[in-house]
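I open this notebook to record what I looked up, entry by entry. The structure is shown below.

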Amino acid sequence: MEIASIPADTYTLGFIGAGKMAESIARGVVRSGVLPPSRIRTAAHSNPARRDAFESFGVSVLSSNEDVVRESNVVVLSVKPQLVKDVVSKLTPVITKNKLLVSVAAGVKLKDLQEWAGSDRFIRVMPNTPAAVGEAASVMSLGAAATEEDGSIVAKLFGSIGKIWKAEEKYFDGITGLSGSGPAYIYLAIEALADGGVAAGLPRDLSLSLASQTVLGAASMVSQTGKHPGQLKDDVTSPGGTTIAGIHELENGGFRGTLMNAVVAAAKRSRELS
């Protein structure tokens with residue numbers, strides 16, 4: 001049977017799960033003008049706080065997940081990984097081949113999603129928590145029956161909360177270790193930089209502001225200039241200066257190796273969990 005195209009100009013978007021990630025995506029989609037809130041729906045069940053969060057920017061909150069699927073062309077599964085199988089299995093009576101299914105559940109593979117749903121029209125996406133401020137790093141992988149047009153729709157949706165790339169699913173454990181878990185590594189680095197500033201005599205509030213802005217600025221330099229980070233590091237490292245003295249301490253402490261090991265350890269754990 002031929003799969004019907006999703007109507008790009010009129011499609012409706014539904015969220016199964018009304019948590020923080022679903023809210024971040026929905027808010028980004030509305031804020032960027034990709035979809036009006038009238039074309040988005042979810043079901044918040046018994047949690048009034050989640051209902052209020054979605055209704056506050058115009059999203060329809062329906063009485064059940066089944067209603068969300070029935071009324072949506074594109075359905076985003078945003079539930080905890082351990083709940084995905086049970087949730088999807090209960091929705092199979094209302095899942096049709098004409099619906100595009102998208103999963104943001106960490107560690108849940110396409111082959112399992114497709115088997116549970118009885119549909120191969122799936123796209124798996126790995127976003128990260130900076131989606132809340134429109135700066136997510138997301139990666140998507142298309143399932144067996146997902147079309148390039150489906151991919152374009154998902155790219156536009158997740159492009160509203162940051163940047164998105166396309167990759168084979170075999171890379172997703174590494175992606176989880178890097179961009180999925182990576183924000184926590186950077187928060188730790190920002191905290192450590194701020195503590196260093198305090199140790200050097202700076203007031204706590206000034207130190208934290210300088211540390212967070214320094215990380216933001218350095219990341220922007222890498223993404224906007226196209227220069228290799230090693231070159232950018234060399235550009236600010238004068239012979240016998242303050243920066244090389246600090247870098248020397250980082251190298252003595254195994255800074256680069258520790259970060260690399262963190263990514264590898266998180267990727268390994270992702271493989272174990274999936």
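**Conventions.** I am working with a predicted model, in which local features need pLDDT of at least 70 and side-chain atom pairs count only at pLDDT 80 or more, while totals for chains, interfaces and linings use all residues. I number residues from 1 along each chain as its sequence is written, and side-chain values use heavy atoms, with hydrogens and water left out.

**Annotated sites.** I looked up the UniProt record, an unreviewed entry, and found that its annotation "binding site" covers Ile16, Gly17, Ala18, Gly19, Lys20 and Met21. Of these residues, Gly19, Lys20 and Met21 are included in the lining of the second largest pocket. The "binding site" annotation of the unreviewed UniProt entry also covers Asn65. I note that UniProt positions are in the numbering used here, that feature names are shortened, and that annotations may be inferred rather than shown by experiment.

**Lys20 and Met21.** I placed Lys20 in helix α1, residues 20-31, and Met21 is in helix α1 as well. Helices (H or I, at least four residues) and strands (E, at least two) are DSSP runs, numbered from the N terminus. Lys20 is exposed, at 61% relative accessible area, whereas Met21 is partly exposed, at 22%. For these words I use under 20% for buried, over 50% for exposed and partly exposed in between, with a 1.4 Å probe and protein chains only. Beyond four places in sequence, Met21 is in contact (heavy atoms within 4.5 Å) with Ser78, Val104, Pro127, Asn128, Thr129 and Ala131.

**Asn65.** I found Asn65 in helix α3, residues 65-70. Is Asn65 buried or exposed? Asn65 is buried, because its relative accessible area is 13%. Setting aside residues up to four places away in sequence, Asn65 touches Ile16, Ala43, His45, Val87 and Leu91.

**Second largest pocket.** On a 1 Å grid over the protein atoms alone, a pocket is an open set of points with protein on both sides within 12 Å along at least five of seven lines; a cavity is a set where a 1.4 Å probe fits but cannot get out; lining residues have an atom within 4 Å of a point. Grid points are joined across faces, edges and corners, and a volume is the space filled by probe spheres set on the points. The second largest pocket holds about 560 Å³ of space. It is lined by 23 residues, of which Met21, Ser78, Val79, Val104 and Ala106 are the closest to its centre. Helix α1 gives the most to this lining, with four residues.

**Nonpolar cores.** A nonpolar core is a set of buried Ala, Val, Leu, Ile, Met, Phe, Trp, Tyr and Cys residues joined through side-chain atoms within 4.5 Å. In the largest core, of 32 residues, Val74, Leu157 and Phe158 touch the most other members. Another core, of 22 residues, lies apart from it and has Val75, Val88, Val94 and Phe122 among its members.

**Cavity.** I looked up the largest cavity, which holds about 40 Å³ of space. Its lining consists of Val69, Val75, Leu77, Val88, Leu91, Ile95, Leu101 and Phe122.

**Asp205.** I located Asp205 in helix α9, residues 204-225. Asp205 counts as exposed, at 59% relative accessibility. Asp205 and Ala194 are eleven residues apart in sequence and 8.7 Å apart in space, C-alpha to C-alpha.
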